[in-house]
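Here is a short report on charged pairs and nonpolar cores. Look at the structure, then read on.

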Amino acid sequence: MIIEAVLISQPYSGEYTERIYDRESAWNSQNWTFIKFTNDDYSEWCGHFRGMPGKVAISKQNRTVLVLTSDYLFQLDLKTANLIDIEDQPHYQHLTVAPNGDFILADFYNFDKITTSIKEKEQIESPIQMDMIEFKKWDNEKLEFTCNEFLNWSRHLTMTYDIQTNKIEIKNG
């Protein structure tokens, strides 16, 4: 079972056991993301994922790993590291895992929540139209992030998303 995942630069050949995650497509970039995984027996291996590096997050509660690259969003089984699902050309810029195990993804304008499958996303409504979303930190059950108000870029806001209420609120701005 995977207990840790870290983005790394391309490893030396033979440094780790390697596993390639890819899908044939005419739209594939020539870039690769390399992630060093650590299993519960402390063995290490490297996953190669098509696309420029993005983010990786582990949800022990949902037994899932998500890997975000410029080309794909990969969903892996936490126990076997097998590919569960893949989404082409994701528009997401940010990925984090909530304390309850749900994944939170954001592009520049919107939030999505994933509990079990990347095919079943729930869009999270915001009190304002957002632009340039950037995740900052989790404070207990709340994700703090910054953004600009869409079409009012001089209004820079600090906001929170509460995983319990599933609501986004303006903290200050």
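R23 has a relative accessible area of 32%, so R23 is partly exposed (buried means under 20%, exposed over 50%, partly exposed in between, with a 1.4 Å probe and protein chains only). D88 is also partly exposed, at 38%. The two form a salt bridge, and their closest N and O atoms are 2.6 Å apart. A salt bridge here is a side-chain nitrogen of Lys or Arg within 4 Å of a carboxyl oxygen of Asp or Glu.

D88 sits in strand β8 and R23 in the loop between β2 and β3, so the pair ties together parts 65 residues apart in sequence. Strands are DSSP runs of E, at least two residues, numbered from the N terminus.

This is a predicted model: local features need pLDDT of at least 70, side-chain atom pairs count only at pLDDT 80 or more, and totals for chains, interfaces and linings use all residues. Residues are numbered from 1 along each chain as its sequence is written, and side-chain values use heavy atoms, leaving out hydrogens and water.

The structure holds 9 salt bridges. One of them joins K121 and E87, with the closest N and O atoms 2.3 Å apart. K121 lies in strand β12 and E87 in strand β8, 34 residues apart. K121 is partly exposed at 29%, whereas E87 is buried at 14%.

## Nonpolar cores

The largest nonpolar core has 17 residues. Such a core is a set of buried Ala, Val, Leu, Ile, Met, Phe, Trp, Tyr and Cys residues joined through side-chain atoms within 4.5 Å. F111, M130, F145 and Y161 have the most contacts inside the largest core. Another core, of 16 residues, lies apart from it and includes W45.

Technical notes: Helix = DSSP H or I, 4+ residues; strand = E, 2+ residues; numbered from the N terminus.
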